[in-house]
Amino acid sequence: MSIGKKQYEKRTVELVSELQGHCLLLSPKENLRTPLPSSVTSIKEWPNVSVDETFKSILSINDLAFSQNLNDFLKELQQYANRETRLYFCDRTTTPKGKNGSARNDITGSLWDTKWSVIHCERFTTEKKRSTPQYACGIARIKRAHDGNL
């Protein structure tokens with residue numbers, strides 16, 4: 001599905017608007033194109049976090065997409081998460097059909113492989129060209145049981 005660049009921007013604004021509590025931004029705050037909602041009580045920017053911190057929300061807008069080793073990075077993020085933490089993402093992704101634009105990672109596949117449950121996901125492009133990047137946009141949380149899906 002192609003949604004256009006304005007709709008892509010709208011999706012990222014919607015993701016940011018859902019953030020709550022103590023929030024981990026995987027990019028600097030100044031890179032956001034929208035203000036953080038009042039429901040965010042505090043923020044930290046990656047990688048300036050201490051090992052004893054737990055976040056209510058983690059935000060990735062194209063940060064997961066360019067990770068050198070996505071599975072290791074997602075496992076590392078789990079040490080800052082608990083059962084209530086939500087990972088909000090809108091990232092370029094590879095697709096099952098092999099189309100990847102400039103993406104190097106399968107975002108949703110890596111989330112599942114590293115014990116995150118994808119609780120909402122939408123896939124789209126911003127243009128109808130063949131070489132246009134594919135995006136995965138959604139919400140994930142840590143799996144509640146190691147052998148369960150959710």
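I call a residue buried under 20% relative accessible area, exposed over 50% and partly exposed in between, using a 1.4 Å probe and protein chains only.

**Ground rules.** This is a predicted model, so I take local features at pLDDT of at least 70 and side-chain atom pairs only at pLDDT 80 or more, while totals for chains, interfaces and linings use all residues. Residues are numbered from 1 along each chain as its sequence is written, and side-chain values use heavy atoms, without hydrogens and water.

**Entry 1: Asp52.** Is Asp52 buried or exposed? I find it exposed, with a relative accessible area of 64%. Asp52 lies in the loop between E2 and E3; I take helices (H or I, at least four residues) and strands (E, at least two) as DSSP runs, numbered from the N terminus. The Asp52 side chain makes a polar contact with the side chain of Ser50 at 2.7 Å. For that term I need N or O atoms within 3.5 Å; within protein, one must be able to donate a hydrogen and the other to accept it, and residues adjacent in sequence count only if both atoms are side-chain atoms. I also checked Asp52 against Ala136: they are 84 residues apart in sequence and 30 Å apart in space, C-alpha to C-alpha.

**Entry 2: the sheet.** I traced six strands in an open, mixed sheet, ordered E2-E1-E3-E4-E6-E5; strands pair if DSSP finds at least two bridges between them. E5 runs antiparallel to E6 (residues 134-142), and nine bridges join them. Glu122 has Cys137 in E6 as its bridge partner.

Entry 3: Helix H1 (residues 5-17) lies across E3 (57-61), E4 (86-93), E5 and E6, at about 160° to E4. I take angles from 0 to 180 degrees between N-to-C directions, with axes fitted to C-alpha atoms, for helices over the stretch in contact; contact means heavy atoms within 4.5 Å.

**Entry 4: rings.** I pair rings of Phe, Tyr and Trp (its six-membered ring) if their centres lie within 6.5 Å; planes under 30 degrees apart are stacked, over 60 edge-to-face, the rest tilted. The count comes to six aromatic pairs. Phe124 and Tyr135 are stacked, 5.6 Å centre to centre with 15° between the planes. Phe124 is in E5 and Tyr135 in E6, so this pair ties together parts eleven residues apart in sequence. Both Phe124 and Tyr135 are buried. Elsewhere, Trp46, Phe55, Phe73 and Tyr80 form one aromatic cluster.
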